[in-house]
Amino acid sequence: MSKARQSTLRTSLVHVALIAYTLVALFPVFLTIINSFKSKQAIFGQPLRLPGPSTFSLIGYETVLKQGDFITYFQNSTIVTVVSIFLVLLLGAMAAFALSEYRFRGNTLMGLYLAIGIMIPIRLGTVALLQGMVATGLVNTLTALVLVYTAQGLPLAIFILSEFMRTVSDDLKNAGRIDGLSEYAIFFRLVLPLVRPSMATVAVFTMIPIWNDLWFPLILAPSESTKTVTLGAQLFIGQFVTNWNAVLAALSLAIFPVLILYVIFSRQLIRGITSGAVK
Amino acid sequence: MGSLELKNIRKSFGSMEVLKGIDLQVKDGEFVIFVGPSGCGKSTLLRSIAGLEDVTSGTVLINGEDVTVTPPAKRGIAMVFQTYALYPHLSVRDNMSLGLKQAGTPTAEIDVRVAKATDMLSLEPYLKRRPAELSGGQRQRVAIGRALVREPELFLFDEPLSNLDAALRVQTRVEIARLHRQLGATMIYVTHDQVEAMTLADRIVVLNGGVIEQIGSPMELYNRPANMFVAGFIGSPQMNFIEAARVGEAGATIGIRPEHLGVSPAEGRFRGKVIHAEHLGADTNLYLETENAGLVTVRLFGEHRYTADDIVYATPEAGKIHRFDENGKTIVA
């Protein structure tokens, strides 16, 4: 940003606003993490205080790692999230490519139909989904979750990706056709590398709701071997007694895998959000 | 090797008919240029020849073989695009060799062909670079190189010079002309720039509204346009059209090219006032508001001292008047 166009006052106001928002957004995360390192008494006594020598305690983490099979829960969450993202990106990109590239009867209608999923929450169909899973014997499997999350993520993915696919030059695709590339090769080798930033955007938007979801794991896959982290953390929330140390420790641990995935995607993500905004 | 025949090609997008029955024969080794205003269907026609668009009806024959439903890669063609359309993630060498690799050409053969194309286009220093590291002119040369290595029956160019600046355009134009002579290959070239058409083509196909208005050599089109559209499209500045009755001539409209009008300060056919004068050094263009012929453009060679508001007389050269009937068709004398 050139200095000539930005007064110091304006810049600092913008920064104040951004910093304020960052603080608001990060505060719950910060609170969760500091309290996860404190003894139970300290959590209730001084919830905003940083863990000190007298209040520091790893009891929460010890409980989490001893009680319940958290390694399995993490594994389940990771499998479900990664497989769902992969399917959403693959199928979403393919559908978006077809919608933006080929002229066929009902193209617009099909696009609208697929976009409707953005507006109608998938949870409305929970009962039908559960009946379906029971009928197909998929209850208490990770497959059930992957299927549901893929369906949940696809509408937005198709919507965002087809906009980006339209920006890929027709000449480039045609050059590929003349060079004898198949439609699949054009899709995978020419188009996908060019829309990579938007794929990262979609990946992040898809990943977070899946990782954090409690609803579907609770309904479709509550068995011990298929529990996800968010569901596993509920173990410590009882009707009368809640083991806050353990809950906070479990939630703190649950942040890290998402953080890692986010860092992987973030460099691409920033390009994805700003491209199109600036030519 | 390398002939093309189009038989009654029609193409519709929905209810919009873009090509309304195109017939054309291109002989082996010919350089044919499609010109016309934007939206006349010239690019669609080229894409139909390439197989990138399916024609609604009609037949495309390359070397006498019906290729109407053959996929682009199997038609023996190569195409150069306006936007270069280089693969951004591949090096120059890989850009050129991708098509051959796809076709399963042996590596040794690919190397020979790439070396030959590189040599012809002086691309040697850039082989390892990515397209993003090249200038516009270099990118277009790579795109031409990619077409060359395919050793096609037919080269197709889709406005290849439109994205280049004026100096590069002339340079690349000369390069394409040289390639055509060297290779003796058949080339089909689409442009909206009549200078490119006039300077490169063996034959020009003038298209308008999805139909062919006229096919002919550049000089045929210039000297004997079939109708007012072609007369107005070829030549710059544009031909002057004057209502015949106003100046006492036969036919509905007469056309006089600006360069076929002489100007004198004393006497002549059309008396008029100079409303604007363009001094280009080699040429001087005068825009006259004449009393009986309306607005008339005159192109004089060399430098002249006319300025705005001068009163002058313009006179057409003998035998250089084109006559058109009320449908715009040329009346052959």
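This is a predicted model: local features need pLDDT of at least 70, side-chain atom pairs count only at pLDDT 80 or more; totals for chains, interfaces and linings use all residues.
Residues are numbered from 1 along each chain as its sequence is written, chains are lettered from A and ligands numbered from 1 in the order written. Local features need pLDDT of at least 70 and side-chain atom pairs count only at pLDDT 80 or more, while totals for chains, interfaces and linings use all residues.

**Exercise 1.** Work out where A:F236 sits and whether A:F236 is buried or exposed.

*Solution.* Start with the helices (DSSP runs of H or I, at least four residues, numbered from the N terminus). A:F236 falls in the loop between α12 (229-233) and α13 (244-274) of chain A. Now list contacts (C-beta atoms, placed from the backbone, within 7 Å). Leaving out residues up to four places away in sequence, A:F236 touches A:T242, A:N243, A:A246, A:V247 and A:A250.

**Exercise 2.** Find which helix gives the most to the side of chain A that touches chain B.

*Solution.* First the totals: 13 residues of chain A and 18 residues of chain B take part in the contact. On the chain A side, α8 (170-178) and α9 (183-194) each supply at least two residues. The top giver is α8(A), with six residues.

**Exercise 3.** Say how far apart the domain centres of chain B are.

*Solution.* Chain B has domain 1 (4-230) and domain 2 (239-324), with bounds from an automatic or database domain assignment. Taken over C-alpha atoms, the centres of these two domains of chain B are 38 Å apart.

How values were computed: Two residues are in contact if their C-beta atoms, placed from the backbone, lie within 7 Å.
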